[in-house]
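The tour moves from stop to stop; select each residue as it is named.

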Amino acid sequence: MQLLTAVNPQPVSTPSWKTESNYSTHVLTGNWAEERKKFTKATEQIPQSIYRKEYVPFPGHRPDQVSRRYGKSRIEGLPYTHLITHHQEPSRRHLISTYDDHYNRHGYNPGLPPHRTWDKHKLQWLPEKSDFPLLAPPTNYGLYEQLKQRWLTPEAGLRESIYTLSYPRPPLCALSRREHAIPVPPPRLHPVPRF
């Protein structure tokens, strides 16, 4: 009898017309889409994380403000005043970049000594150009003033795109002339001759 139940899980007393197929637990039957959305708690307790389990509280502890301040200054780095100003110099003295000096001013610097000497101890030519910065306003080509004038002038008429404004209209001689046959209307539109 046990061999029979192992092969056929239905008992012998079950009638033959009441055969129900037994599904695996992995087969989705019934309202599986709705049942999937239902959440069942395994336990009623709040789940404990590893940090919460292993946390050791210190009730009288206060944070060390000195180490906090040093850590914050180390992360932020030097402030802007230490990077730009040197010996309380105003920041307007360092507005000419090395690129501007080399390409636009062609290395003209009256404060720089005419000859440099080779220093054997530092293994470099002294003095450097960076030791004598140019004390002049930066190169200004007037682009900002030109744009500001264009922005502030009121526009009359339709708004035009940048492409329309920058596209010059070609002269009439540049346009192509008609070099094909003159269109002739179809014969059915010709007037009927009268005799």
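**Aromatic pairs**

Start with the rings. This is a predicted model, and its count of aromatic pairs comes to four. Select Tyr 99 and Tyr 103. Their ring centres lie 4.7 Å apart and their planes meet at 40°, so this pair is tilted. The angle falls between the cut-offs: planes under 30 degrees apart would be stacked, and over 60 edge-to-face.

Is Tyr 99 buried or exposed? Tyr 99 is exposed, at 58% relative accessible area. Tyr 103 counts as partly exposed, with 49%.

Next, select Tyr 163 and Tyr 167. These two also form an aromatic pair, and this one is stacked. The centres are 5.8 Å apart, with 15° between the planes. Keep the surface on. Tyr 163 is exposed, its relative accessible area being 59%. Tyr 167 is partly exposed, at 47%.

**Helix α4, end to end**

Select residues 65–76. This is helix α4, twelve residues in all. Draw a distance from its first C-alpha to its last: the helix reaches 16 Å, close to the 16 Å expected at 1.5 Å a residue. How many of the twelve residues of α4 are buried? The number is one, so the helix lies largely in the open.

Go to the start of α4 and pick Asp 64. A side-chain oxygen of Asp 64 comes to within 3.4 Å of the backbone nitrogen of Val 66. Then jump to the other end. Gly 77 follows α4, and its phi is positive, near 85°.

Select Leu 123. It belongs to the loop between β1 (117–119) and β2. Leu 123 counts as exposed, at 59% relative accessibility.

Move on to Leu 126 and Pro 127. What kind of peptide bond joins Leu 126 and Pro 127? The bond is cis, with omega about -5°. Pro 127 lies in the loop between β2 (124–126) and α7 (143–152). Colour that loop to finish the tour.

Terms used. Residues numbered from 1 in each chain as written. Predicted model: local features only at pLDDT ≥ 70, side-chain atom pairs only at ≥ 80, totals over all residues. Heavy atoms only, no water. Phe/Tyr/Trp six-rings, centres within 6.5 Å; stacked < 30°, edge-to-face > 60°. Buried < 20%, exposed > 50% of the residue type's maximum accessible area, 1.4 Å probe, protein only. Helix = DSSP H or I, 4+ residues; strand = E, 2+ residues; numbered from the N terminus. Expected span 1.5 Å × (residues − 1). Polar contact = N/O pair within 3.5 Å; in protein donor to acceptor, adjacent residues only side chain to side chain.
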